[in-house]
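The sequence and structure are shown below.

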Amino acid sequence: MSDSGSGWYDETLHKDVAQRLRMGRVLHRDRTGLQDLVIFENPVLGRVMALDGVVQTTEGDEFVYHEMLTHVPILAHGRVRRVLIVGGGDGGMLRRCLEHKAVERVTMVEIDRSVVDLSIAHLPSISAGAFDDPRTDLVIADGCAFVKETTERFDVVIVDSTDPHGPGAVLFTEDFYAGCKARLTPGGVLVTQNGVPFLQPGELKDSHRRLGRLFGDAGFFVAPVPSYYGGFMAFGWATDDAALRRQTAEAIRPRFEAAGLTTRYYTPDIHVASFALPAFMLDALK
Ligand code: SAM
């Protein structure tokens, strides 16, 4: 456990750089069947959940990550009815998908039931009742096995996974991406949590290569998530409809307004700007 009893939580994701968060009240700390899970209070970020030494979500900045990984693919596509979330145990992604009234069903496949139960108990503001929505279909299973076994099809697949270690490793494989592609409706979109490119360039390159072999259009969009140390977070983007990520803010804005969303990070201009990648990322993808 990276809580050395010093009252600080030391994240252990990167070898040579690290962040530490002051630990106030610890609401839960134990091993689930699969992962070390701790939920504690921090004066700046509010309640924080970490798995296996890595910050997963915080009340303070979850809006950036969850708004971008839902509103960008759903508003770019424009006619989303069915969504698949792989991972996402805290329920923040589920909540944002359900804010789209035209979405008829969201299937969420999470491998660790305890993450869901403890998030509902100690981080209720993040899921905000989304698990009780009649459009929610919660499945406790491995996401890679699920996409291979199910016959359902989805307009958008969102991979809100842990990093490529432990149970999350399989969610960065070409085998899993191929399974996701087979579950998409024509013109459907796959988006993924793809790490912090400044500190995890290998993850970016691997996913780009693997997604590029499977889809007509594969790339990334970015957003800064303060509690994901190291600068921009990269989100994988893959679809066979190459026009979807080249839309203007003028094209997106009417959909955003019609959806009646209240956001703290996402705007149609941010949507379009998020696909403009810095030179170091473009170089890494050459
Ligand atoms: N936003 C976080 C991040 O970027 O690191 C991820 C948050 S979410 C809590 C990650 C979830 O993925 C966890 O609840 C974990 O249990 C789940 N997960 C890991 N491997 C999985 C798998 N193979 N299938 C389904 N869910 C998985």
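How many residues surround the ligand, and which are the closest? In this predicted model, 27 residues surround the ligand, the closest being Glu110, Asp142, Gly143, Pro167 and Tyr228; a residue is near a molecule if one of its heavy atoms lies within 4 Å of it. The model is predicted: local features need pLDDT of at least 70, side-chain atom pairs count only at pLDDT 80 or more, and totals for chains, interfaces and linings use all residues. Residues are numbered from 1 along each chain as its sequence is written, and side-chain values use heavy atoms, with hydrogens and water left out.

The shell around the ligand divides into 12 nonpolar, 10 polar and five charged residues. Strands E5 (46-51) and E8 (105-110) each supply at least two residues of this shell. Polar contacts (pairs of N or O atoms within 3.5 Å) are listed here.

| Protein atom | Ligand atom | Distance |
|---|---|---|
| Glu110, polar side-chain atom | oxygen | 2.6 Å |
| Tyr228, polar side-chain atom | nitrogen | 2.8 Å |
| Gly143, polar backbone atom | nitrogen | 2.9 Å |

The protein covers 99% of the 590 Å² of accessible area that the ligand has on its own (Shrake-Rupley method, 1.4 Å probe).

The ligand sits in the largest cavity, that is, more than half of its atoms lie within 2 Å of the grid points. A cavity is a set of points, on a 1 Å grid over the protein atoms alone, where a 1.4 Å probe fits but cannot get out; lining residues have an atom within 4 Å of a point. About 450 Å³ of space lies in the largest cavity. Its lining comprises 38 residues, with Gln56, Asp160, Ser161, Thr162 and Asp163 nearest the centre.

How values were computed: A polar contact is a pair of N or O atoms within 3.5 Å; within protein, one must be able to donate a hydrogen and the other to accept it, and residues adjacent in sequence count only if both atoms are side-chain atoms. On a 1 Å grid over the protein atoms alone, a cavity is a set of points where a 1.4 Å probe fits but cannot get out, and a pocket is an open set with protein on both sides within 12 Å along at least five of seven lines; lining residues have an atom within 4 Å of a point. Helices (H or I, at least four residues) and strands (E, at least two) are DSSP runs, numbered from the N terminus. Ala, Val, Leu, Ile, Met, Phe, Trp, Tyr, Cys and Pro count as nonpolar, Asp, Glu, Lys and Arg as charged, and the others, Gly among them, as polar. Grid points are joined across faces, edges and corners, and a volume is the space filled by probe spheres set on the points.
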